[in-house]
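Subject: A structure for you to look over

Hello,

Here is the structure I promised to pass on to you.

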Amino acid sequence: MAVAGSWFVEQPSAEPPAEASASFDRLYRAFLSARAALGLALVAAQLISAILGTTPARSTLALSVSYALAALALWLLPQLRRGASARSLARISSPHWWSAIGVDLLLFGVLHALDPSGVNYGALFVMPVLMAAVLSPRLLALATAAMATLGLLGAAGWSWLAGLDVGLKTTQAGLVGSGLFAVSLLAGELSARLAREEKAARGSLALARQQEQLNRLVIDEMQEGVLVVDRRGRVRAMNPAAHALLGAADGELSWQLRGRVDWQPLVQALEQAYAGGAGAELDVTLALDNGATRSLRLRLRFTRQREGSEELCVLFVEDNRELLARTRQEKLAAMGRVSAGIAHEIRNPLAAIAQANALIAEDVAGMRAEQLTRMVASNVQRLKRLVDDVSELAPGVQPDTQALDVGAIVQQTCSEWTRVNDVRPGEHSRFRLQIAEAGLLGLFDAEHLRRVLVNLLDNAHRHAEPGAGAIGVALDRDGEALNLVVRSAGPPVPPEIERHLFEPFFSTRSRGSGLGLYICRELCERHGAHIDYRRAAHVAANEFCVRLRTPPSA
């Protein structure tokens, strides 16, 4: 059973009407051409008989010529057969049935009964019986054979009325009628079987074409290059990835790999694989037009050679830089999981150290050892922040993205931050907050949004120049998104530092962990937001802009 919505079907659907009509038209025209040929043969037989000295009866000649003209007209004039179909020939009342089958039964019956020469025209009934068996339902085909048999018996009865010996004619009529029934049954069964096989073949062809399209779609979307090459180096097929990796111009790969000097490593790998008769995996280096080189990993596989078929080689091409990048990414993911586990194990002894240090600080109050306890407490807090940062980036954590009142969270977070960092409010304050309007909704997690904003404010507090309004936070709507901007007055970030801003463990401070901006970017990506650095347009300041999505209802 086919699965709804699936790209694959296990059984072909019903035969399309257009294909069924085309198949019927071909058979119908073939029978009409056979009727025309039979009519001409009847006329030719009468003429040959006259040449040989036996003058045919005028009625026989007239019937033969009339039949030939009618058959030729129906075959040559499309307007006469317009509307003919399997459905119209399935009814005995249809004019198309009478024009192609009924006329034959009547005319052949009259010709067989009235011809004075005694020629047996019973074999002519094979044509309408065969046509009905192939183009009409079985019941109507048997009825046609019965009418032909009755015509033969009627001709024998006509001879009996004329006082002739009817014994031979009756026997011939019975034998020919039996043969007509056999022809009708066998032809009908064979035509039905051929129709079923043709329908199955069309279904198989449709499935093969569908599978070919699916394979082509998958190969075209692959990031890995795929080439199909024969022994002569001629490319039979390729995908866009291979086109880009080889640096080929449009249409260039449709000829030969041997056409360019810089592709000779591919040709040598192909010849080596064909000589060995087995698949291979190796690295090659191609020279690019700009003087650089590109290292490629080749995997060569051969198609199974069948009798009479050509052996082809399939080349899978990958850029070694992408392979190394994937390897590094996997190693980083593994290191992230290990780091998260280590951070979790550090929490308990770190908490114990902090508690023990607090107890010692109570005992040594006013003594010189109090300075040492403060140093221990400072480093414990530093380690705690580092552990929290690593735990925040643990893989597999599902984000809790929800619609938030971003303006309220930003205002509350900024108020807490100014109080903790002793930034006094007022007209000459170092900090400025601008929220365009109340009730600005965005998609994020409340705690993660506070974390991002605090990290950006701490970064601005460290690098901003002195003066009123040196640190600023602005929130406004920008189309279908919200822009949260944290600004710090100061010189622009040098280019050699800007390119590493969001990398982990990169810091310009000796005691910095280098995870602040990296955590901001990771949290933004988890919630579908985007963070970027830019230089302010109208003031000498650096800006970090967080672009948040808004819920559909907003």
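Searching the whole structure, which is a predicted model, turns up 15 salt bridges. One of them joins Asp-104 to Arg-35, with the closest N and O atoms 2.7 Å apart. This pair links distant parts of the chain, since Asp-104 sits in helix α3 (residues 95-114) and Arg-35 in helix α1 (residues 17-51), 69 residues apart. Asp-104 and Arg-35 are both buried.

Another salt bridge runs between Glu-189 and Arg-138, whose closest N and O atoms are 2.9 Å apart. Glu-189 belongs to helix α6 (residues 167-221) and Arg-138 to helix α5 (residues 138-161), so this pair ties together parts that are 51 residues apart in sequence. Glu-189 is partly exposed, at 39% relative accessibility.

For a local pair, have a look at helix α12. Arg-450 and Glu-447 both lie there, 3 residues apart, which is about one turn of the helix, and their side chains meet in a salt bridge (3.7 Å, N to O). Arg-450 is partly exposed, with a relative accessible area of 23%, while Glu-447 counts as exposed at 51%.

Now the overall picture. The protein chain has 14 helices and 12 strands, and 35% of its 554 residues count as buried. Among the chain's contacts with a separation of 6 or more, 63% are between residues 24 or more positions apart. The chain exposes about 32,500 Å², and carbon and sulfur atoms supply 59% of that area.

Which residues touch the most other members of the largest nonpolar core? They are Leu-456, Leu-457, Val-473 and Leu-484, in a core of 41 residues. At least two residues of this core come from each of α11 (406-420), α12 (446-463), β9 (471-478), β10 (481-489), α14 (516-526), β11 (530-535) and β12 (541-549). Helix α12 gives the largest share, 7 residues. If you set aside neighbours within four places in sequence, Leu-456 is in contact with Val-486, Leu-517, Cys-520, Ile-531, Phe-544 and Val-546. Another core, of 34 residues, lies apart from this one, and its members include Phe-24, Val-129, Ala-132 and Ala-145.

On the cysteines: the structure holds 0 disulfides.

Leu-61, Val-65 and Leu-69 make a nonpolar surface patch of about 230 Å². Leu-69 lies in helix α2 (residues 58-76) and counts as exposed, at 55% relative accessibility.

Two loop residues complete my notes. Asp-422, in the loop between α11 and β7, has a phi near 55°, a positive value in a residue other than glycine. Asp-422 is exposed, at 60% relative accessibility. Glu-437 is placed in the loop between β7 (431-435) and β8 (441-444) and is partly exposed, at 42%.

Best wishes

Terms used
Residues are numbered from 1 along each chain as its sequence is written. This is a predicted model: local features need pLDDT of at least 70, side-chain atom pairs count only at pLDDT 80 or more; totals for chains, interfaces and linings use all residues. Side-chain values use heavy atoms; hydrogens and water are left out. Patches are made of residues with over 30% relative accessible area and no salt bridge: like charges are joined within 9 Å, nonpolar side chains (Val, Leu, Ile, Met, Phe, Trp, Tyr) within 5 Å. Accessible areas come from the Shrake-Rupley method with a 1.4 Å probe; for residues, only the protein chains shown count as cover. A salt bridge is a side-chain nitrogen of Lys or Arg within 4 Å of a carboxyl oxygen of Asp or Glu. Helices (H or I, at least four residues) and strands (E, at least two) are DSSP runs, numbered from the N terminus. Buried means under 20% relative accessible area, exposed over 50%, partly exposed in between (1.4 Å probe, protein chains only). A nonpolar core is a set of buried Ala, Val, Leu, Ile, Met, Phe, Trp, Tyr and Cys residues joined through side-chain atoms within 4.5 Å. Contact means heavy atoms within 4.5 Å. A disulfide is a pair of cysteine sulfur atoms within 2.5 Å.
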